[in-house]
Amino acid sequence: TLPFPGKLSISIPCSAAEGLCPKEIPFTPPSADSIPTVFSQSKTLSFLAGSTGLLKAENLIVFFEPDDRSAPTRITLQGPTQSGLVTLPKKALLDVAPGKYQVYMIKQQLHKDSTALVQASFQTEYFTRSIAVTVNK
């Protein structure tokens, strides 16, 4: 596992005279450390996924990959949110069949920027490590 730098640095064309302009894209990765190992379809579930909430241009996908490699299920949370606390309502958990899963999160961010020469969009994705989880009725 490589440490995440907290921001991505890139260079994009500014103008003919200036050449390249450095740009920084701030990004706070999620953490899988607080994902519980047992989920229940009958209860709303909350866990801490990061130190900050999601921004308007960010999504967090909680991805359930079955141990038997059958069809995965995903629950998408859209920003903005006020904190790093993820809440999965029991209604959303009903879409996840009881069983054993590897659960991980994918945080997506869309960042737009422009210079005199370029309008650019950057999509950033960060995948957490997987946690073995059992989903009960």
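## Arg69 and the basis of the model

Arg69 counts as exposed, at 64% relative accessibility; exposed means over 50% relative accessible area, buried under 20%, and partly exposed in between, with a 1.4 Å probe and protein chains only. The place of Arg69 is the loop between strand 5 and strand 6. Strands (E, at least two residues) and helices (H or I, at least four) are DSSP runs, numbered from the N terminus. Although Arg69 is not a glycine, its phi is positive, at about 65 degrees. Most residues other than glycine have a negative phi, and most peptide bonds are trans.

The model is predicted: local features need pLDDT of at least 70, side-chain atom pairs count only at pLDDT 80 or more, and totals for chains, interfaces and linings use all residues. Residues are numbered from 1 along each chain as its sequence is written, and side-chain values use heavy atoms, with hydrogens and water left out.

## A cis peptide bond

The peptide bond from Gly79 to Pro80 is cis, with omega near 10 degrees. Pro80 lies in the loop between strand 6 and strand 7.

## The nonpolar core

The largest nonpolar core has 23 residues, of which Ile35, Phe39, Phe47, Phe64 and Leu88 touch the most other members. A nonpolar core is a set of buried Ala, Val, Leu, Ile, Met, Phe, Trp, Tyr and Cys residues joined through side-chain atoms within 4.5 Å. At least two residues of this core come from each of strand 4, strand 5 (58–66), strand 6 (73–78), strand 7 (85–88), helix 1 (90–93), strand 8 (99–114) and strand 10 (131–136).

Contact means heavy atoms within 4.5 Å. Leaving aside neighbours within four places in sequence, Phe47 is in contact with Ser34, Ile35, Pro36, Gly84, Leu85, Val86, Leu88 and Met105.

## The largest pocket

The largest pocket has a volume of about 170 Å³. It is lined by 16 residues, and the closest to its centre are Leu54, Leu60, Ser83, Gly84 and Val86. On a 1 Å grid over the protein atoms alone, a pocket is an open set of points where a 1.4 Å probe fits, with protein on both sides within 12 Å along at least five of seven lines; lining residues have an atom within 4 Å of a point. Grid points are joined across faces, edges and corners, and the volume is the space filled by probe spheres set on the points.

By class, the lining holds eight nonpolar, seven polar and one charged residues. Here Ala, Val, Leu, Ile, Met, Phe, Trp, Tyr, Cys and Pro count as nonpolar, Asp, Glu, Lys and Arg as charged, and the others, Gly among them, as polar.

Gln41 is found in the loop between strand 3 (38–40) and strand 4 (45–48). Its relative accessible area is 9%, so Gln41 is buried. The side chain of Gln41 reaches the backbone oxygen of Val96 at 2.5 Å. Beyond four places in sequence, the contacts of Gln41 include Leu93, Leu94, Ala97, Pro98, Val135, Asn136 and Lys137.

Lys90 is found in helix 1 and counts as partly exposed, at 46% relative accessibility. Lys90 touches Gln41, Ser42, Lys43 and Thr44, not counting residues up to four places away in sequence. From C-alpha to C-alpha, Lys90 and Ser40 are 7.9 Å apart in space and 50 residues apart in sequence.

## Two buried strand residues

Thr73, in strand 6, is buried, with a relative accessible area of 16%. Apart from neighbours within four places in sequence, Thr73 is in contact with Val62, Phe63, Phe64, Asp95 and Val96.

Ile106 is placed in strand 8 and is buried, with a relative accessible area of 7%. Its contacts outside four places in sequence are Asn59, Leu60, Ile61, Phe63, Glu125, Tyr126 and Phe127. The C-alpha atoms of Ile106 and Phe127 are separated by 4.6 Å, with the two residues 21 apart along the chain.

## Two exposed loop residues

Leu117 is found in the loop between strand 8 and strand 9 (119–127). At 54% relative accessibility, Leu117 counts as exposed. Leu117 touches Pro13, Cys14, Ser15 and Ala16, not counting residues up to four places away in sequence.

Ala16 is found in the loop between strand 1 (7–15) and strand 2 (19–26). Ala16 is also exposed, with a relative accessible area of 81%. The C-alpha atoms of Ala16 and Lys137, 121 residues apart along the chain, are separated by 62 Å.

How values were computed:
A polar contact is a pair of N or O atoms within 3.5 Å; within protein, one must be able to donate a hydrogen and the other to accept it, and residues adjacent in sequence count only if both atoms are side-chain atoms.
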